[in-house]
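Hello,

Here is the structure we talked about. Please open it and keep it beside you while you read my notes below.

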There are 2 protein chains.
Amino acid sequence: MSQGNDCVTIGAAQARACTVREALDRVGGKWSIGILVAAARGPVRFTELEREVEGISRRMLTLTLRNLERDGLLHRKVYPTVPPKVEYTATPMARELYDSLVALTDWAERHRLAISAARAAYDREHGVTDD
Amino acid sequence: MSQGNDCVTIGAAQARACTVREALDRVGGKWSIGILVAAARGPVRFTELEREVEGISRRMLTLTLRNLERDGLLHRKVYPTVPPKVEYTATPMARELYDSLVALTDWAERHRLAISAARAAYDREHGVTDD
DNA sequence: CCGAATCCCGAAGGATACTG
DNA sequence: CAGTATCCTTCGGGATTCGG
């Protein structure tokens, strides 16, 4: 799925960019991060996630879980009990990923205001609300 | 657009996840990173970008440039010459962003093989190509 | 309780022709 | 050269229903 980039068929600097995109694609979905964060704190069940990750639909929860599991970011453990019980746990690799994302969080918090200001200035100058 | 999340209306851990998403949304587009990387090395012109960022269309180049400029990540300088000349430069904020992304690059490179393996294993076990 | 299957919509993105 | 405008396809994701 849209995974055509090899990061090899191009040159120098753009190859680095491609590597970044590779990483971003793992968590690019709307819900990946939320699920990852919830699962990083220990085994969590399907219905728990459904409540904790606010706003997610059953469908997207399932799909995102599958993708994360497929990439080796989540471990899925099924208890073959009468009422089914499934636990999801973040793998070490996923925890490392989240640690790397903290750098981004930091950046976002440092520049949140600057970005808002830039947007406001741009919109004012280019008459989004008026002209 | 699609910027409805406030990172405030929810609780604890998910708020952190939301902050991460905020940052990711700045570079979530397919071409943002490629353009940022190219522009970080100094002023670059429209047509240069069109060649350097391989595979990008005229339309997407324009759109992504506008968004990056709006967020204050790119500076756009127009030379009112007879053949139009426009230069794009990454702002300090954008360079900082790219530095933060290095952590992600690092993660991606460390786990690239593990992820591929996980995918292969998953697909084998769940019969994507065969059953 | 956990999930698969189906339908549907809007946004992202590609191709191309036109313009100052 | 540096875009804009238009059309069209694809994909992410929401709502809902069915099943083990």
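**What I found**

Start with A:Leu101. Setting aside its neighbours within four places in sequence, A:Leu101 is in contact with A:Ile33, B:Val20, B:Leu24 and B:Leu104. Keep in mind that this is a predicted model.

A:Leu101 also shows up in the largest nonpolar core. That core has 68 residues. Those that touch the most other members are A:Ile35, A:Leu49, A:Leu74, A:Leu101, B:Ile35, B:Leu49 and B:Leu74.

Next, the two chains. How many residues of chain B are in contact with chain A? The count is 53, and they meet 53 residues of chain A. Between them, chain A and chain B bury about 5100 Å². Carbon and sulfur atoms carry 60% of that area. On the chain B side, B:Arg70, B:Trp107 and B:Arg119 lose the most area to chain A. Together they make up 14% of what that side buries.

Now look at helix α1 of chain A, residues 12-26. Why is this helix largely enclosed by the rest of the structure? Twelve of its 15 residues are buried, so the rest of the structure largely encloses it. Among the buried ones are A:Ala13, A:Cys18, A:Val20, A:Arg21, A:Glu22 and A:Leu24. The cover comes from both chains. From chain A, it includes α2 (32-40) and α4 (58-70). From chain B, it includes α1, α2 (32-40), α3 (46-52) and α5 (92-125).

For contrast, go to B:Leu113. This residue lies in helix α5 of chain B. Is B:Leu113 buried or exposed? Its relative accessibility is 70%; the cut-off for exposed is over 50%, so B:Leu113 counts as exposed. B:Leu113 and B:Gln14 are 99 residues apart in sequence. In space, they are 29 Å apart, C-alpha to C-alpha.

The structure holds one cavity of 30 Å³ or more. The largest cavity has a volume of about 30 Å³. Which residues line the largest cavity? They are A:Trp107, A:Ala108, A:Arg112, A:Ile115, B:Glu22, B:Ala23 and B:Arg26. Helix α5 (92-125) of chain A gives the largest share of the lining, four residues. Helix α1 (12-26) of chain B supplies at least two. By class, the lining has four nonpolar, no polar and three charged residues.

Best wishes

Technical notes
Residues are numbered from 1 along each chain as its sequence is written. Chains are lettered from A and ligands numbered from 1 in the order in which they are written. This is a predicted model: local features need pLDDT of at least 70, side-chain atom pairs count only at pLDDT 80 or more; totals for chains, interfaces and linings use all residues. Side-chain values use heavy atoms; hydrogens and water are left out. On a 1 Å grid over the protein atoms alone, a cavity is a set of points where a 1.4 Å probe fits but cannot get out, and a pocket is an open set with protein on both sides within 12 Å along at least five of seven lines; lining residues have an atom within 4 Å of a point. Grid points are joined across faces, edges and corners, and a volume is the space filled by probe spheres set on the points. Ala, Val, Leu, Ile, Met, Phe, Trp, Tyr, Cys and Pro count as nonpolar, Asp, Glu, Lys and Arg as charged, and the others, Gly among them, as polar. A nonpolar core is a set of buried Ala, Val, Leu, Ile, Met, Phe, Trp, Tyr and Cys residues joined through side-chain atoms within 4.5 Å. Buried means under 20% relative accessible area, exposed over 50%, partly exposed in between (1.4 Å probe, protein chains only). Contact means heavy atoms within 4.5 Å. Buried area is the accessible area (1.4 Å probe) that two parts lose on being put together, summed over both.
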